[in-house]
Amino acid sequence: MDKKDKLKEVVDQAIASQHVPHVKLKKMGPTSVDIDKLTKPSKETHQEYWGKGLTYLAIVLIIVLVVSIIGFVGYHGLATFVSDHVNVFHFLTSTDWDPGEGKNHVGAAVMIVTSFLVTILAALVATPFAIAIALYMTEYSSKKGANFLQSVTELLVGIPSVVYGFLGLTIIVPVIRKLFGGTGFGILAAMLVLFVMVLPTITSLTVDSLKAVPSHFRKASMALGSTHWQTIYHVVLRVATPRILTAVIFGMARAFGEALAVQMVIGNAVLMPYNLVSPSATLTSQLTSQMGNTVMGTLPNNALWSLALLLLIMSLVFNFLVKLIGKKGQK
């Protein structure tokens with residue numbers, strides 16, 4: 001007796017032994033079951049196979065894409081040190097950037113310092129505003145007011161970076177030039193542009209973090225006699241701190257990788273900044289302004305790929321920090 005015969009015998013016995021016939025099986029008796037139909041994959045089973053196959057294919061494509069990007073940027077970025085024999089320590093600490101003059105003039109310290117200064121200052125300025133707006137949206141505003149602010153925030157996220165750069169070039173730079181003198185280009189202008197750009201990102205994520213705080217935490221605090229502000233300060237913000245820090249890091253990652261808007265207002269001069277209104281250059285601004293002026297495989301081109309490798313490494317560092325803070329928040 002094969003498997004189909006055994007299955008048919010079991011099904012027939014199950015149907016024959018029913019004391020209360022099932023609604024759908026009341027007209028079905030022994031030997032009337034199509035065993036071939038039971039043993040063949042159904043339409044839903046085929047759909048399940050297709051769904052799993054497409055999901056796994058998408059995962060494989062994403063993995064291949066990420067590995068390809070890391071490998072491509074890493075291969076060209078490391079060529080500066082492997083093929084052109086540039087010293088890594090000299091590359092990271094020297095302020096002399098003129099790759100066309102030889103390997104002793106490949107120093108990225110100016111771009112590294114400026115990139116971190118602009119990113120940190122923009123995050124420091126944007127975070128208090130983002131938390132204040134998020135608290136108003138979640139704790140004080142009416143539903144209509146919160147929806148309006150949410151729409152405005154989403155609108156700011158969708159504005160292209162070139163628009164922010166153009167507004168900074170035509171509004172912020174002339175104002176700084178009038179107030180502080182000089183050209184108006186520099187870290188201050190770039191920081192103000194990035195402040196407006198990262199504010200919606202930090203605000204949206206902060207709103208989500210505040211909404212994620214369980215409501216019974218607030219009720220328990222109120223039951224103990226705390227005021228609304230005491231509840232917000234001592235309970236809501238404390239519980240949401242890990243998620244808020246994650247929002248800040250995401251904003252910093254956005255600021256660190258911004259290219260076009262920063263390039264338009266920072267001055268693109270590879271000079272170590274001595275104040276907030278002196279022209280300088282970031283990793284991204286140098287890449288966007290110089291990559292089209294170099295020949296593939298030459299030292300100037302490889303040096304720019306090394307700057308791109310630094311940006312990629314920093315992106316991985318930001319992602320690692322997000323994961324680390326998320327794990328501590330869960331604990």
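**Chatting through the model**

Student: Let's start with Glu139: buried or exposed?

Tutor: Glu139 is buried, because its relative accessible area is 13% and buried means under 20%, exposed over 50%, partly exposed in between (1.4 Å probe, protein chains only). One caution: this is a predicted model, where local features need pLDDT of at least 70, side-chain atom pairs count only at pLDDT 80 or more, and totals for chains, interfaces and linings use all residues. Residues are numbered from 1 along each chain as its sequence is written, and side-chain values use heavy atoms, leaving out hydrogens and water.

Student: Okay. Which residue forms a salt bridge with Glu139?

Tutor: That's Arg218, and the closest N and O atoms of the pair are 2.9 Å apart. The two sit in distant parts of the chain, 79 residues apart: Arg218 in helix α9 (residues 215–223) and Glu139 in helix α5 (residues 109–140). A salt bridge here is a side-chain nitrogen of Lys or Arg within 4 Å of a carboxyl oxygen of Asp or Glu.

Student: How many salt bridges does the count come to?

Tutor: Two. The pair still to mention is Glu258 with Arg254, where the closest N and O atoms are 3.9 Å apart. Glu258 is buried because its relative accessibility is 9%, while Arg254, at 29%, is partly exposed.

Student: Switching topic. How many helices and strands does the chain have?

Tutor: It has 13 helices and zero strands. Helices (H or I, at least four residues) and strands (E, at least two) are DSSP runs, numbered from the N terminus. Of the chain's 331 residues, 37% count as buried.

Student: What about α8, is it mostly covered or mostly open?

Tutor: Mostly covered: 20 of the 25 residues in α8 are buried.

Student: And how far apart are its end C-alpha atoms?

Tutor: They are 35 Å apart in helix α8 (residues 187–211), which agrees with the 36 Å that its 25 residues should span at 1.5 Å a residue. The expected span is 1.5 Å times one less than the number of residues.

Student: Where does the kink in α8 lie?

Tutor: At Val198, shortly before the proline Pro200, and the kink is about 35°. The bend is the angle between axes fitted to the seven residues ending at a residue and the seven starting there.

Student: Now the surface. Which residues make the nonpolar patch?

Tutor: Val162, Val163, Phe166, Leu167, Ile171, Val175, Leu179, Phe180 and Leu260 make a patch of about 820 Å². Helix α7 (residues 161–180) gives the largest share, eight residues. Ile171 is in α7, and counts as partly exposed because its relative accessibility is 48%. Patch members have over 30% relative accessible area and no salt bridge; like charges are joined within 9 Å, nonpolar side chains (Val, Leu, Ile, Met, Phe, Trp, Tyr) within 5 Å.

Student: Last one: what is phi of His85 near?

Tutor: Near 60°, a positive value in a residue other than glycine. Most residues other than glycine have a negative phi. His85 is in the loop between α3 (43–82) and α4 (88–93), and it is exposed because its relative accessibility is 54%. Asn268 also has a positive phi, near 55°, and lies in the loop between α11 (260–266) and α12 (283–290).

Conventions. Areas by Shrake-Rupley, 256 points an atom, 1.4 Å probe, with all protein chains shown as cover.
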